[in-house]
Amino acid sequence: SNVRIRAGSVVVPLHSPIRIAEDWSVADNLTGGRVDIAIAVGWHPNDFAIAPGNFQDRVERVYSGVETIRKLWAGERVVVANGVGEMTEIGLFPKPIQAELPMWMTCTRDLEVFRLAGTKGFNLLTGLIFLTGDQLAERIVAYREGREEAGLDPKAGTVTVMLHTFIGEDVDVVRETVGD
């Protein structure tokens with residue numbers, strides 16, 4: 001009852017925003033209102049084998065998808081084409097418990113994506129997998145500056161740093177596997 005459940009990360013351009021909202025609303029209900037979601041743009045072209053047409057404009061798809069997710073989560077309906085091309089209104093069922101879905105933006109390298117996450121009011125999910133400590137510090141500054149540029153409290157917004165871990169019985173095998 002005290003642990004929050006978070007996806008890290010949902011690559012929005014690979015999924016229907018309606019499906020994302022509904023799946024996470026179900027999870028919100030099952031957990032008593034304890035879900036968060038980390039969204040991602042995606043970066044490797046091969047990951048887009050299931051949605052090849054979504055790779056080039058993936059950044060725009062994230063922001064339009066998030067807009068749809070937020071509208072549905074807030075109880076609004078969205079107009080979309082159905083299976084025969086007719087426009088229809090879709091709402092979210094079940095209704096989520098939380099009034100707002102807490103969102104993180106997964107950022108790995110690009111300084112401007114960190115800044116953009118701040119301007120959009122997202123929390124930040126990052127890691128040291130592609131960055132040095134100094135590079136990460138620079139990007140967190142850019143995130144905070146982005147929040148301030150957008151008129152948001154630069155001190156608010158949670159920064160979560162993932163630490164990838166590989167555990168084995170033999171330290172030499174672990175070091176050989178992951179590198180030093």
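Which residues are linked with Glu 112 in a network of salt bridges? In this predicted model, local features require pLDDT of at least 70 and side-chain atom pairs count only at pLDDT 80 or more, whereas totals for chains, interfaces and linings use all residues. Residues are numbered from 1 along each chain as its sequence is written, and side-chain values use heavy atoms, with hydrogens and water left out.

The network joins Glu 112 to Arg 115, Glu 145 and Glu 149. A salt bridge is defined as a side-chain nitrogen of Lys or Arg within 4 Å of a carboxyl oxygen of Asp or Glu, and the structure contains 11 of them. Between Glu 112 and Arg 115 the N to O distance is 3.5 Å. Both residues belong to helix 3 (residues 111-119), three residues apart, about one turn of the helix; helices (H or I, at least four residues) and strands (E, at least two) are DSSP runs numbered from the N terminus. Arg 115 is buried at 18% relative accessible area, while Glu 112 is partly exposed at 44% (buried, under 20%; exposed, over 50%; partly exposed, in between; 1.4 Å probe, protein chains only).

A further salt bridge pairs Arg 6 with Asp 36 at 3.7 Å, N to O. This pair connects distant parts of the chain, with Arg 6 in strand 1 (residues 5-11) and Asp 36 in strand 2 (residues 35-40), 30 residues apart. Asp 36 is buried at 2% relative accessibility, whereas Arg 6 is partly exposed at 35%.
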